[in-house]
Amino acid sequence: MPDIVEEGPTKSALKKKAKEEEKALKKAEKAAKAKQAEQAREAAGEPDYAVAHYGKLPLHQSQSRPNRKRTDIATLSATNDSEHILIRARIQTSRLQGNKMVFLNLRQRTDTIQAMLAVSDKQVSKQMVKASSLVHGTVVKSPESIKSCSIDDVEIHVNELWLVAGVEGRLPFSLEDASRSETAPEVEGQFSKVLLDTRLNNRIVDLRTQTNQAIFKLQHAIGDLFRDYLNNNGFTEIHSPKLQGAATESGASVFKVGYFKGNAFLAQSPQLAKQMAIAADFERVYEIGPVFRAEDSNTHRHLTEFIGLDLEMTIEEHYHEVKELLDGMFKTIFQGLKEKYAKEIAVVGKQFEAEEFKWREETLTLTFREAVDLLVEDGVDREILDDINTENEKRLGRLVKAKYDTDYFIIDKFPLELRPFYTMPDPNDPTLTNSYDFFMRGEEILSGAQRIHDPEFLCQQMLAKGVDPESMKGYIDGFRVGCPPHGGGGIGLERVLMLFLKLNNIRRASLFPRDPKRLEP
């Protein structure tokens, strides 16, 4: 007896079925909306006995100060069961169940808790359930874990709900959509992917997500750890001017601005000020401040304004003293983030999934030539490796990770032609320099070196790089009065943050990013 092969439904039958299912879904949605509208009409016709327990507060003009205790969501747990509390929080999401119950997701920064309003005699009316943030309520231990909130063992049963500040019109996107994993597939009709440009055009709303709250807590932490490490190592924080009479490094990447009857330039770095502070016997200095680069680079890792973490220090015997201090600082920052901010790292990881950042106890250091050799062994043509471009930097990062199991490494001894005029040449090979770059996940995050402290040699190097010494006379004069050997480095805060968390675009690590195409908001 021959086998009978059963054929599946035809393409047209499948298409017809999909259309019928879509039609049924739309019909159900329409019915649900109609039911909600009917319930609202019914509620509107009933007397509202809870009118004294909800609504919009008058404009806050500091009319009074009753000193009522407010509670932080982060402090709540099952030990607070049955306590009456007052909190001010953002309503992140709301979910209506029928016309007698609503669940709210309340957020303070990265912490969220579930709140419930249920119609009750004389306290919560149907109209109050419809209103939606000053919350009076009772903490109630939850019988099961609330997976949608960071505080998962209790919820708040709301007695009063007052609107402190409302929203005019519709939000450009839902915070729920803006908080989804970057790897989650977009499902039509269920949720939309919020594009980066849409986020940045509506940055205030975007910054309300738990992910962004955590990102900028971590940015704050990096600055704090940087400052603490250097303070503990004898550094003084300085504040240098951002308006300068000449370009710091080269005229090609500097912003020129009108300055009364002449011109000024926005500082490309505090490099000159740091060195002059060393000449003034400050010994060890650092600065956290804005840096401006007029580079028309529309890449994932470039900004026209970013926060620079800069330092400079005297050298006693060898420029590796500076390299080693910088290395110790980075490892202290990485360890501090891991130990003190694990919660924030985990929050970001839910949206931006990434392998945990790895570093070695003894940091891998390659010379520039050794780095080039690694790339050549992997098939890159040596002829194009006079400089290591972005693509090959990333390739090198992958090779280093595979061979040495680290995301963090240093390259030393860069060629003279790749470094600024103030970089000290190598004493044994004048084609090389006493300079170094630090890398995270295959991308540069710090560039530094020993600086030239001899005025005549400095002038020679300036002329060789096409810089007129007369245009920087005040800078050079600092070395004419005697300046000790010194070195330092400059770090991009946003780049460190982006690479540690693997955010994939530096704009996500900048509060209000500035690039060649963006000056707002």
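Trainee: Hi! Where do I start: how do strand 9 and strand 11 pair?

Mentor: Strand 9 and strand 11, which covers residues 262-266, pair in the antiparallel sense over two bridges. Keep in mind that this is a predicted model.

Trainee: Okay. Which residue in strand 11 does Q244 stand opposite?

Mentor: Q244 faces F265 there.

Trainee: What holds strands of a sheet together, in general?

Mentor: They pair through backbone hydrogen bonds, either parallel or antiparallel.

Trainee: Moving on to strand 12. Does it run parallel or antiparallel to strand 8?

Mentor: Strand 8 (residues 236-237) and strand 12 (residues 284-292) run parallel, joined by two bridges. T236 has V285 in strand 12 as its bridge partner.

Trainee: How many bridges are there between strand 12 and strand 13?

Mentor: Nine, and that pairing is in the antiparallel sense, with strand 13 spanning residues 305-314. For a spot to look at, G289 has G308 in strand 13 as its bridge partner.

Trainee: I clicked on F306. Where does that one lie?

Mentor: F306 lies in strand 13. The C-alpha atoms of F306 and P290 are separated by 5.6 Å, though the two residues are 16 residues apart along the chain.

Trainee: Is F306 buried or exposed?

Mentor: F306 counts as buried because its relative accessibility is 17%, and the cut-off for buried is under 20%.

Trainee: New topic: how many salt bridges does the structure hold?

Mentor: There are 27 salt bridges. One of them is between K242 and E287, at 2.8 Å from N to O. K242 lies in the loop between strand 8 and strand 9, and E287 in strand 12, so this pair ties together parts that are 45 residues apart in sequence.

Trainee: Are K242 and E287 buried or exposed?

Mentor: K242 counts as buried at 18% relative accessibility, and E287 counts as buried at 4%.

Trainee: Which residue does D206 form a salt bridge with?

Mentor: R199 is the partner of D206, with the closest N and O atoms 2.8 Å apart. Both D206 and R199 are buried.

Trainee: What about K338, which residue does it pair with?

Mentor: K338 forms a salt bridge with E356, and their closest N and O atoms are 3.5 Å apart. K338 sits in helix 8 (residues 320-340), while E356 is in the loop between helix 9 (342-351) and strand 14 (364-367), so the pair ties together parts 18 residues apart in sequence. K338 is partly exposed, with a relative accessible area of 41%, and E356 counts as exposed at 53%.

Trainee: Last one: which residues gather in the patch of negative charge on the surface?

Mentor: D381, E383, D386, D387 and E417 gather there.

Trainee: Where does E383 lie?

Mentor: E383 lies in the loop between helix 10 (368-377) and helix 11 (390-404). E383 is exposed, with a relative accessible area of 64%.

Note on methods: Residues numbered from 1 in each chain as written. Predicted model: local features only at pLDDT ≥ 70, side-chain atom pairs only at ≥ 80, totals over all residues. Heavy atoms only, no water. Patch = residues over 30% accessible without salt bridge, like charges linked within 9 Å, V, L, I, M, F, W, Y side chains within 5 Å. Areas by Shrake-Rupley, 256 points an atom, 1.4 Å probe, with all protein chains shown as cover. Salt bridge = Lys/Arg side-chain N within 4 Å of Asp/Glu carboxyl O. Lys, Arg positive; Asp, Glu negative; His and termini not counted. Charge placed at Lys NZ, Arg CZ, Asp CG, Glu CD. Helix = DSSP H or I, 4+ residues; strand = E, 2+ residues; numbered from the N terminus. Buried < 20%, exposed > 50% of the residue type's maximum accessible area, 1.4 Å probe, protein only. Pairing = 2+ DSSP bridges.
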